[in-house]
Amino acid sequence: MATCHNISLGAALFSQTSERDHIILQIEGVKAGDFILFKKVDPVTEADSGLYLMTQVIHVYSHEGLKEGYALVSYRKLA
């Protein structure tokens, strides 16, 4: 069963995430088919800006070259 993960990002990371189709994350339990809701927040106050990006995970790549607990997640943006 697919799960939805909520991830809050600062302005720079949110911009990079919306321009690309992959990200390296430290997150447990993400698998192909899951959904990730990226939220743009103010990094100081953590106030929600109202900008969101809904994605669906295509593949999770765990590699020995990545720090333990991190994975490269490829995703597609949902309209």
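Q: Why is Asp-21 called partly exposed?
A: Asp-21 has a relative accessibility of 44%. Buried means under 20% relative accessible area, exposed over 50%, and partly exposed in between, with a 1.4 Å probe and protein chains only. The 44% of Asp-21 falls in between, so Asp-21 counts as partly exposed.

Q: What do the values for this structure rest on?
A: This is a predicted model, in which local features need pLDDT of at least 70 and side-chain atom pairs count only at pLDDT 80 or more, while totals for chains, interfaces and linings use all residues. Residues are numbered from 1 along each chain as its sequence is written, and side-chain values use heavy atoms, with hydrogens and water left out.

Q: Where does Asp-21 lie, and which residues is Asp-21 in contact with beyond four places in sequence?
A: Asp-21 lies in the loop between helix 1 and strand 2 (22-26). Helices (H or I, at least four residues) and strands (E, at least two) are DSSP runs, numbered from the N terminus. Leaving aside neighbours within four places in sequence, Asp-21 is in contact (heavy atoms within 4.5 Å) with Val-73, Ser-74 and Tyr-75.

Q: What makes the pair of Asp-21 and His-22 a polar contact?
A: The two side chains come to 3.0 Å. A polar contact is a pair of N or O atoms within 3.5 Å; within protein, one must be able to donate a hydrogen and the other to accept it, and residues adjacent in sequence count only if both atoms are side-chain atoms. The pair joins side chain to side chain at 3.0 Å, so the pair counts.

Q: Why is Ser-74 called buried?
A: The relative accessible area of Ser-74 is 14%, which is in the buried range. Ser-74 is in strand 5. Not counting residues up to four places away in sequence, Ser-74 touches Asp-21, His-22, Gln-56, Val-57, Ile-58, His-59 and Tyr-61.

Q: How do you know whether Val-57 is buried or exposed?
A: Val-57 has 4% relative accessibility, so Val-57 counts as buried. The place of Val-57 is in strand 4. Beyond four places in sequence, the contacts of Val-57 include Val-30, Ala-32, Ile-36, Val-73 and Ser-74. Val-57 and Val-30 are 27 residues apart in sequence, with 8.1 Å from C-alpha to C-alpha.

Q: Why is Lys-67 called exposed?
A: Its relative accessibility is 63%, so Lys-67 is in the exposed range. Lys-67 lies in the loop between strand 4 (48-61) and strand 5 (70-77).

Q: What is the phi of Glu-46?
A: Glu-46 has a positive phi of about 60° although Glu-46 is not a glycine. Most residues other than glycine have a negative phi. Glu-46 sits in the loop between strand 3 (35-41) and strand 4, and is exposed, with a relative accessible area of 64%.

Q: How do you know that the radius of gyration agrees with a compact globule?
A: The radius is taken over C-alpha atoms, and the globule rule is 2.2 Å times the number of residues to the power 0.38. For 79 residues a compact globule would be near 12 Å, and the protein has 12 Å, which agrees. The C-alpha trace spans about 35 × 25 × 20 Å along its principal axes.

Q: How many helices and strands does the protein have, and what pattern does it follow?
A: The protein has one helix and five strands, in the pattern β-α-β-β-β-β along the sequence. Buried residues make up 27% of the 79 residues. Of contacts between residues at least 6 apart in sequence, 55% join residues at least 24 apart.
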